[in-house]
Amino acid sequence: MKKTLLAALVSIVFFSCTEREKKSAGNDTPTKSDATVKVLPPASNYTNPDRSPMDMVYFPTDYPLLKMAGKTNAPPLMRIIYSRPQKQGRQIFGGLVKYDVPWRLGANEATEIEFFSTATVAGKTVKPGRYILYCIPQETKWTLVLNSNLYSWGLEQNRQKDMMQFEVPVEKTNLAIEYFTIACEKKSDKSTTLIFIWDDVKTKLPVSF
Amino acid sequence: MRKTSILICLLISFTFSFSQSSKLPEMDKSPMDVSYYPNNYPILKIQNKATEPLVARILYSRPQKQGRKIFGELVEYGKVWRLGANEATEIEFYKDVKIGGKKVLKGRYTLYAIVNENIWTMILNNDTDTWGAFKYDSKKDVLRIDVSVQKTDEVVESMSMLFDKSATGISLIIAWEQMKVSLPITL
C-alpha cells in the first residue's frame with residue numbers, strides 16, 4: 001500500500017513537471033526562457049493546440065472566403081501568419097514586451113509576411129516575396145523590421161538579415177485588447193492599413209499595391 | 001444631472017471602444033497550427049542544430065472532437081474534405097519531392113482527402129489560398145494517392161498532423177478520433 005502511494009506520488013510529481021515543460025514550449029513571453037526549450041524527438045504523440053494559437057490574415061481581407069464565394073478572380077496581394085498571445089491580466093508593453101528589445105510580433109515562430117506582388121510599405125518599395133516581420137517597441141513609436149531569416153523561431157533575430165525598417169507612431173486604445181491581433185483595414189481594392197493591436201496599444205502600417 | 005452626463009459619456013466611449021474591438025478578428029474555434037520537416041525546424045534553426053534543410057511545412061486548422069462522432073458522420077465518407085477546418089490545408093515543399101512515384105515540384109499546394117472507412121484518397125491540388133473544399137476543382141489536381149487507415153490506441157481530440165522520417169524519405173501523419181493515415185513522401 002505504502003509503495004503504491006509512493007509510486008502515485010512520484011508519478012504525480014513527474015507528470016506535473018512534464019506538464020510544465022509542455023507549457024513552456026508554447027511560451028508567448030518574449031523572454032529568453034523558451035530558447036532553451038528541449039527539442040522533442042520526432043513526435044511520437046499528438047500535440048495539443050497551442051496556447052498562443054496561430055492565425056492568418058490576408059489582404060484582400062478574408063481572401064479565401066471571397067475566392068470561395070466567387071467574388072474575386074485575382075490572386076491575393078498579401079498574407080501574414082502569426083501566433084496570438086493573450087494579455088491575461090499582464091501589462092504588455094514596457095512589461096512583458098520590453099521596450100527597445102526586438103519582439104517577434106506575436107508568439108512562437110517569427111511572424112511571416114508575404115507580398116504576392118510589388119508593394120509600397122510606408123512609402124518604400126518592397127519586392128514580392130516572403131519575409132519575417134518583427135518589431136522594436138518603444139513607448140511612443142515602434143520600429144517594424146522586414147528581415148529575410150525565414151522559418152525561424154521568434155526569440156532570436158539575425159539582425160544581419162534585416163532588409164528594411166519602418167517607424168510608426170503608437171496610438172492608445174480605449175479598452176485593453178486581450179488577444180494580440182493583426183488586421184487589414186481596407187482603404188481601397190489595392191490599399192490597406194495593416195493594424196497591430198494588443199493591450200491598449202495600436203500601430204498602423206500603410207501598405208499598397 | 002452632471003453625473004448622468006458623465007455616465008452617458010462613459011457609456012458612449014465604452015460602446016464605441018467595444019464596437020471598435022468587435023470588428024477585430026476573433027480567435028478561431030479551430031486554431032491554425034503548423035508542422036515542419038525537420039520537426040521543430042524554427043527552433044533548431046535558431047539554435048544552429050538543424051542538420052537537414054527545411055523540406056516541408058503544413059499549415060492547417062485543428063477542429064476538435066468534442067464528444068462527436070467524426071468519421072462517417074461529421075466528416076462524411078466518400079466526400080472531399082479540407083483535412084482540417086477553415087481555410088483549405090496548405091502543404092509547401094521547399095525542394096522537389098515524389099509522392100506515389102510522381103514528381104512534385106517545390107511550391108505551395110492544397111491538400112484534401114476523401115475519407116473512407118479503410119482507405120483515404122489524398123489529393124494534392126494546385127488551387128491555393130482557398131476556403132474549405134467548397135470550390136474543389138479536380139481539374140487542378142496534381143495527384144491522387146490512396147493510403148490505408150490505421151487505428152490509433154488513444155482517441156485524438158484535436159486533429160493532428162506531423163511529419164516523421166521513413167525509410168524512403170518522410171511521412172505526413174494525420175490523426176483524429178481513432179483514425180490515422182500516413183502519406184509517404186520520397187525525397
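Mentor: Start with B:Glu52, which counts as partly exposed at 26% relative accessibility (buried is under 20% relative accessible area, exposed over 50%, partly exposed in between, with a 1.4 Å probe and protein chains only). This is a predicted model, in which local features need pLDDT of at least 70 and side-chain atom pairs count only at pLDDT 80 or more, while totals for chains, interfaces and linings use all residues. Residues are numbered from 1 along each chain as its sequence is written, chains are lettered from A and ligands numbered from 1 in the order in which they are written, and side-chain values use heavy atoms, with hydrogens and water left out.

The side chain of B:Glu52 meets that of B:Lys165 in a salt bridge, 3.6 Å from N to O (a side-chain nitrogen of Lys or Arg within 4 Å of a carboxyl oxygen of Asp or Glu). B:Glu52 sits in the loop between helix H2 (41-46) and strand S2 of chain B, and B:Lys165 in strand S10, 113 residues apart. Helices (H or I, at least four residues) and strands (E, at least two) are DSSP runs, numbered from the N terminus. B:Lys165 is exposed, with a relative accessible area of 54%.

For another salt bridge in chain B, take B:Lys139 and B:Asp137, with the closest N and O atoms 4.0 Å apart. Here B:Lys139 is exposed at 73%, and B:Asp137 is partly exposed at 24%.

A:Asp55 and A:Arg84 form a salt bridge with the closest N and O atoms 2.9 Å apart. A:Asp55 lies in strand S1 of chain A and A:Arg84 in the loop between S2 and strand S3 (111-115), so the pair ties together parts 29 residues apart in sequence. A:Asp55 is buried at 10%, and A:Arg84 is buried at 1%. Over all chains, the search finds 24 salt bridges.

S2(B) pairs with strand S1 (residues 32-37) of chain B in the antiparallel sense over 6 bridges (two strands pair if DSSP finds at least two bridges between them). B:Leu59 is the bridge partner of B:Val34. In a regular strand the side chains alternate between the two faces of the sheet. In S1(B), B:Met32, B:Val34 and B:Tyr36 point one way, B:Asp33, B:Ser35 and B:Tyr37 the other, and all are buried.

S2(B) and S10(B) are among the elements that give two or more residues to the largest nonpolar core, which has 37 residues (buried Ala, Val, Leu, Ile, Met, Phe, Trp, Tyr and Cys residues joined through side-chain atoms within 4.5 Å). Strand S11 (169-186) of chain B gives the most to this core, with 8 residues.

Between chain A and chain B the count is 5. One of them joins B:Arg57 to A:Glu112, the closest N and O atoms being 2.6 Å apart. The contact takes 49 residues from chain A and 52 residues from chain B (contact means heavy atoms within 4.5 Å).
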